[in-house]
Number of protein chains: 4
Amino acid sequence: MAAARPALTDADEAARHARTQKRREQLLAAAARLMARDGSEAVSMHAVAAEAQVSVGLIYSYFGGKNDLLLAVIVDVLERFEAEVPRAIAAAGEDPVHRLVAAFRAYCEVIDQRRHAAVLTYRESKGLTAKGLRTIKELELATSEPLRQILNDGIAAELFAPVDTDLVAYNLLLLAHAWALKQWYFQRTLTLDTYVAKQTALTLAALISPRNRRKYAALIAGLNASR
Amino acid sequence: MAAARPALTDADEAARHARTQKRREQLLAAAARLMARDGSEAVSMHAVAAEAQVSVGLIYSYFGGKNDLLLAVIVDVLERFEAEVPRAIAAAGEDPVHRLVAAFRAYCEVIDQRRHAAVLTYRESKGLTAKGLRTIKELELATSEPLRQILNDGIAAELFAPVDTDLVAYNLLLLAHAWALKQWYFQRTLTLDTYVAKQTALTLAALISPRNRRKYAALIAGLNASR
Amino acid sequence: MAAARPALTDADEAARHARTQKRREQLLAAAARLMARDGSEAVSMHAVAAEAQVSVGLIYSYFGGKNDLLLAVIVDVLERFEAEVPRAIAAAGEDPVHRLVAAFRAYCEVIDQRRHAAVLTYRESKGLTAKGLRTIKELELATSEPLRQILNDGIAAELFAPVDTDLVAYNLLLLAHAWALKQWYFQRTLTLDTYVAKQTALTLAALISPRNRRKYAALIAGLNASR
Amino acid sequence: MAAARPALTDADEAARHARTQKRREQLLAAAARLMARDGSEAVSMHAVAAEAQVSVGLIYSYFGGKNDLLLAVIVDVLERFEAEVPRAIAAAGEDPVHRLVAAFRAYCEVIDQRRHAAVLTYRESKGLTAKGLRTIKELELATSEPLRQILNDGIAAELFAPVDTDLVAYNLLLLAHAWALKQWYFQRTLTLDTYVAKQTALTLAALISPRNRRKYAALIAGLNASR
DNA sequence: CATGAATGAGCTTTCATTCAT
DNA sequence: CATGAATGAAAGCTCATTCAT
């Protein structure tokens, strides 16, 4: 019976934590929506409050201020990346080539879903603390790590030419970002599927060593079929 | 006597025009310097005036306002691109492969020189009118046009695989931009020369059809030598 | 049985009253501490709540709001003055000169103990209602009343010159306050004891009529010994 | 003729300087008025702007911000003190007693004229930088310096008892301030003249050594006549 | 009784823009 | 042509106060 109080308190705290978390997400979502559309500097705290249907003051009890909110938005997006991409890769089996294809598709799909937020890191740098910037860069490195891994595996297995994997991994990340950054260009003529297929085909053409070409002929043919 | 006036006026007008042009360039240069470094929103008109050593008011007799100035800065940068790249290509001779190599190198070098200004188009969008945005996009298309041309020529000459030239041309433009956008990543391990060489090698690996490989073996070997 | 209820209620009410009183004092002490240190305007209700280890809301069930709290803090300080000074005077015997010396010392000691709170009345005025201000003034008058009384007694006994007692009483109060208000000046060179002794010596020099000088020669010599 | 340009420029600059100075004074006066009445924290920059009949923004081109403005107001008041008091003393001749009487009167008169502003230093301390506070204290010391000088001269001439001149000088300054600080008390029963006369009489009673009493009998009688 | 999440008016400060000189 | 003093809307942020729990 003496335990009843703590139990109640625990339940209370859990409930409070849940509400707090929900608010955070609500605010983050509102801020992401506006900042991605207009750029963080063009978005006022009043506008974020209005978008989230709360008062200005409330934002300040969840985030330290505007810059803190911006950082939280960016980190949130990057963390979702980090979580969602590996899942797609795991489902692609063991073969490095298939894994690479699946990984790049996963990146592009996540970007496509969060088209607006993905643009944020390209627009912001002023207003973020040095520590914030470091966090973002680390997350971006972590995000591209799966690609690097696959490329190294493929080179070790002599499926890929011995390229600079840091360079190629980042190129692929950039091309995924480009789908959001330059949608006005690519989305004039391509769908997400054709974009992914064509970029994949180009990459594989550069990577797969001549004597493995035949092995992946069907895969490449499939990619080219989306033209 | 009647003729004297027009003659005088013409001279006056020419002089005035020259002064006006000089002022414009002076203001543009000051604005570009600051905006590229800090982002256009973080730069005040007073700061631009101070940087250009003129009064605030003067800016308003050369540009319609801050957004107009921003647009002018971006357009100015893109126009320089449009002017400088073709010169480099022309010097590369007739062969599409060599022209492509020269063109990409030229893009990267121009970007490297105007590292800060190149970032501007990725940071700004709010505050630009629809018309301004259209102008920028058109200039960006025009900027990538030489690449598209070379690729088409190469395909026609059966030197390149029949790729989507719009896609590949824009990829190359993006990779040139990336040198500035992601300098924190690439410039950790690469110089401009190695960056250009490696990216070029990758692109050629994807583009050059198998039966032309031997023909460009020396070129590719040279690129790989910068590893 | 019918009697049990009222008895129980009485006990309850007494207990409640005691708790209420304790809370009030707890809140008042916390508020006084912060307001005296930083000025009432620089202290937020949240800070008071935190200092008192309660929630913000609770303060509002004991005080009408921030201004009400401020007034209560000031009144509380003045009431302590009113209570503590007469005790010191009573202990000084019947002679007006000794009573005056004891009274001034008592004022200064109370001020010294509540150095910070004493400053409050000099800092605040906006935010207090007219009624609140009147209350404070009345308390300040009441506080100086013992001095006025002693002075009148001394004049009646022809120990003191026939000065304006309202003026002199208030001068003495001011000099006691000054110990707190201008501590940066006086506490460079004086201790509380020397401050009291010197101010007392000056006052007695102005007050004691020539033919009584000899009578208090020892007292004055004692005061001058602290030089 | 070549000198005409510089002359014109000089005239321009002089005119500009005059306008600037006038603005500064206008803003200072408005700020002093409001801050002295309500306390600096209760006065908004908008209110100052309204009082001075200018826009908010303008204040920021004359002062660094609210704290800077507050400091400027206080310093301005103290500097006027420093300028006006010595003039009154100089007119009082050579005798230390007459000089002291004139000096105290001058202090009180200046305080009376700037009744509101004089209160400011007692109310403010939060919001002033350490450097600002030091400046104020130095000015306050400088302000009381003439009194200290007179007292030392009087003691050297054996007109005054050998008192602690730092203490007495500051007491007199405090009593002058008190006229403004506690006007609700003193101005119930006294005019400025009677206040000055009575305080002067008390001070002289404490200071003038017995064998000099007769010499200043007429002066003291005059002071007592204002009762 | 007690809590603290939520509100929103109001603060200080910045800065694009204008216009008398 | 050129200046820069002046404007005032709008920003980020704080905090006294309320009220559902």
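Predicted model: local features only at pLDDT ≥ 70, side-chain atom pairs only at ≥ 80, totals over all residues.

Trainee: How many helices does chain A have?

Mentor: Read along the sequence, chain A follows the pattern α-α-α-α-α-α-α-α-α-α-α. Strands number 0 in chain A, and the count of helices is 11.

Trainee: What percentage of the residues of chain A count as buried?

Mentor: The C-alpha atoms of chain A fill a box of roughly 70 × 50 × 35 Å along the principal axes. A residue is buried if 20 or more other C-beta atoms lie within 10 Å of its own. Among the 227 residues of chain A, the share that counts as buried is 38%.

Trainee: What share of the contacts in chain A with a separation of 6 or more comes from residues 24 or more positions apart?

Mentor: Two residues are in contact if their C-beta atoms lie within 7 Å. For chain A, with contacts taken at a separation of 6 or more, residues 24 or more positions apart account for 68%.

Trainee: Which element gives the largest share of the surface near DNA strand F?

Mentor: There are 32 residues around DNA strand F, and A:G57, A:G65, B:G57, C:G65 and D:G57 come nearest. Elements that give two or more residues to this surface include α2 (45-52) and α3 (56-59) of chain A, as well as α3 (56-59) of chain D. By class, the surface holds 12 nonpolar, 14 polar and 6 charged residues. The largest share, 4 residues, comes from α1(B).

Trainee: Which element supplies the largest share of the side of chain D that touches chain C?

Mentor: In this interface, 26 residues of chain D are in contact with 28 residues of chain C. On the side of chain D, at least two residues each come from α6 (115-123), α8 (165-181), α9 (183-186) and α10 (192-207). That side divides into 14 nonpolar, 3 polar and 9 charged residues. The largest share, 8 residues, is supplied by α8(D).

Definitions and conventions
Residues numbered from 1 in each chain as written. Chains lettered and ligands numbered in written order. Buried ≥ 20, exposed ≤ 12 C-beta atoms within 10 Å, placed from the backbone. Near = placed C-beta within 6 Å. Nonpolar A, V, L, I, M, F, W, Y, C, P; charged D, E, K, R; others polar.
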